[in-house]
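Here is a guided look at a model with two chains to explore. Please keep the structure open beside the text as you read.

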Amino acid sequence: MLTASPTYRLQHSQMTAPKSAGAGQPLPNAKFGLGQAGDITEDRKAVILIVEDSAIIRMGAVDLVVHAGYEALEASNAEEAIRLMEARTDIVLVFTDVSMPGTMDGIKLAHHIRSRWPPVKLIVASGRAIIEQSRLPEGSQFVPKPYNDSTIVEQIRRMLAPIEKPQETRR
Amino acid sequence: MPTLSSLLKATAAGSARIEAYEIDLKRAGQKTLQLVVNARVLEDGDPDRIRLLVAVADVTDARADARQKDDLIRDKAILMQELQHRVANSLQIIASVLMQSARRVQSEEARGHLRDAHSRVMSIAAVQRHLAQTGVENVSLRSYFTQLSESLGASMISDRDRLSIVVSVDDSVVKSDISISLGLIVTELVINALKHAFPQERSGKISVDYRSHGQAWNLSVSDDGIGMGDRAAKAGLGTGIVEALARNLQGDISVTDANPGTLVSVAHIADGVADVPAAA
């Protein structure tokens, strides 16, 4: 049985989320360890992991993801993100910044996730637009900073459309 | 220096020729010198006494200068990237805070103001990104206005099939500070058109147009919406911003009935004396 690691952060699904009955409850532990990363369990919101070291930007990213009707998890560096990915099998998309403290930046993290959890979708944001675009794993989406919230939401919807069941929160 | 000596021998034998051969001259107790050696046979018609013409130049200082210059250029590039990265991150913080406030605030009017503020920040961010990508102080207005309209559309238009922004700009290139002023004028006029020209889910198109000829230029934003009718423009913040910036650029604002819709243009007429001033 898997226990939550001490680095676990709050789940934000109930913060200011648009009404969606029954969704956003913390996962029962029994669900851990089963299935594949990238799976979406029936009648649950898709889970998105946000990796960003700046607290205010991370707050904003969580806010926009939750408002778009998804469940948000957050990490402030790559190591924390990987620990979360190992503990949770229901993360379908990772939205990460590039420059972060620690041994791994967002680009290395993106490559690591792509090879270890291939189905997980990737959105990478950075203020260094030109250098980074070409260094990302295939299939990941680059967004220059500062990004428009609606651009991110559109991108998430586009990436999750093939695997997501229709939700009432979708436009 | 065995290599040099064998090269000189080969040159003397006529089988080689030394051109700009670089060697490090190492001597005990003295600093290493970088030398450039040129050597060739001096053909004076005497095959028995072969003579070599050898030229040696000390390029130690010149090389050090060049290296230092390269280092400085590289340092400057790294510094610029770092700066642009920080600016982008700071603008992201501001944008994030504004959007979080806009989502939380109860009053529809306050939400509108916060969204407008967000659009203004994104408008400045667009020119910043443009400068980071092109790396020059001159901004090509066509690509900047295209990026800007893309950004405004993304944040202000919920149904992109209903409303669109079309950009038509000539090959004009302006200084970055002027581009910021022009970009802010476009931002305000587009926000204004989006707010007032298309009530009740009306569909339509907003056109952003810029032409210049010598010193003269004309910027216009038009829409095919409901038109101004008899309503006078309220002197809001947007109007104030446009007036101040237009004055700064020595441009005259005119508002005309486009039938349908409204056309607002800011024009600077060349007077042969004044240059376009630096924007505030």
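Predicted model: local features only at pLDDT ≥ 70, side-chain atom pairs only at ≥ 80, totals over all residues.

## A helix across a sheet

Which way do β7(B) and β8(B) pair? The sense is antiparallel, and the pairing between β7(B) and strand β8 (residues 216–223) runs over eight bridges.

Nonpolar side chains tend to be buried together in soluble globular proteins. Here the largest nonpolar core holds 85 residues, and the members that touch the most others are Ile48(A), Leu49(A), Val65(A), Ile185(B) and Val190(B). Which element gives the largest share of this core? That is helix α5 (residues 176–196) of chain B, with 11 residues.

Setting aside residues up to four places away in sequence, Ile185(B) touches Leu219(B), Val242(B), Leu245(B), Ala246(B) and Val266(B).

## The two chains in outline

Chain A has five helices and five strands. Along the sequence, these elements of chain A follow the pattern β-α-β-α-β-α-β-α-β-α. Of the 171 residues in chain A, 39% are buried. Among contacts in chain A with a separation of 6 or more, 66% are between residues 24 or more positions apart.

Chain B comes to six helices and 10 strands. Buried residues account for 28% of its 280 residues. When contacts in chain B between residues at least 6 apart in sequence are counted, 61% join residues at least 24 apart.

## Where the chains meet

The contact between the chains draws 22 residues from chain B and 19 residues from chain A. On the side of chain B that touches chain A, the elements giving two or more residues are α2 (60–104), α3 (108–134) and α4 (141–156) of chain B. The most comes from α2(B), which gives 14 residues to that side. Sorted by class, this side of chain B has 10 nonpolar, 10 polar and two charged residues.

On the chain A side, have a look at Asn148(A), which lies in the loop between β5 and α5 of chain A. Is Asn148(A) buried or exposed? Asn148(A) is buried, because 23 other C-beta atoms lie within 10 Å. Leaving aside neighbours within four places in sequence, Asn148(A) is in contact with Met122(B), Ser151(B), Ala154(B) and Ser155(B).

## Backbone details worth a look

Two cis peptide bonds can be visited, starting with chain A. Lys145(A) and Pro146(A) are joined by a cis peptide bond with omega about -5 degrees. Pro146(A) sits in the loop between β5 (141–144) and α5 (149–160) of chain A, and Asn148(A) is found in the loop between β5 and α5 of that chain too. In chain B, the peptide bond from Asn259(B) to Pro260(B) is cis, with omega near 5 degrees. Pro260(B) belongs to the loop between β9 (252–257) and β10 (262–268) of chain B.

Positive phi values outside glycine are the next stop. Ala20(B) has phi near 45 degrees, a positive value in a residue other than glycine, and is part of strand β1 (residues 18–25) of chain B. Why does Ala20(B) count as exposed? Ala20(B) counts as exposed because its C-beta neighbours inside 10 Å number 10, where exposed stands for 12 or fewer.

Glu201(B) also has a positive phi, near 60 degrees, and is not a glycine. Glu201(B) lies in the loop between α5 and β7 (204–213) of chain B. With 8 other C-beta atoms within 10 Å, Glu201(B) is exposed.

Note on methods: Residues numbered from 1 in each chain as written. Chains lettered and ligands numbered in written order. Helix = DSSP H or I, 4+ residues; strand = E, 2+ residues; numbered from the N terminus. Buried ≥ 20, exposed ≤ 12 C-beta atoms within 10 Å, placed from the backbone. Contact = placed C-beta atoms within 7 Å. Core = buried A, V, L, I, M, F, W, Y, C linked by C-beta atoms within 7 Å. Nonpolar A, V, L, I, M, F, W, Y, C, P; charged D, E, K, R; others polar. Pairing = 2+ DSSP bridges.
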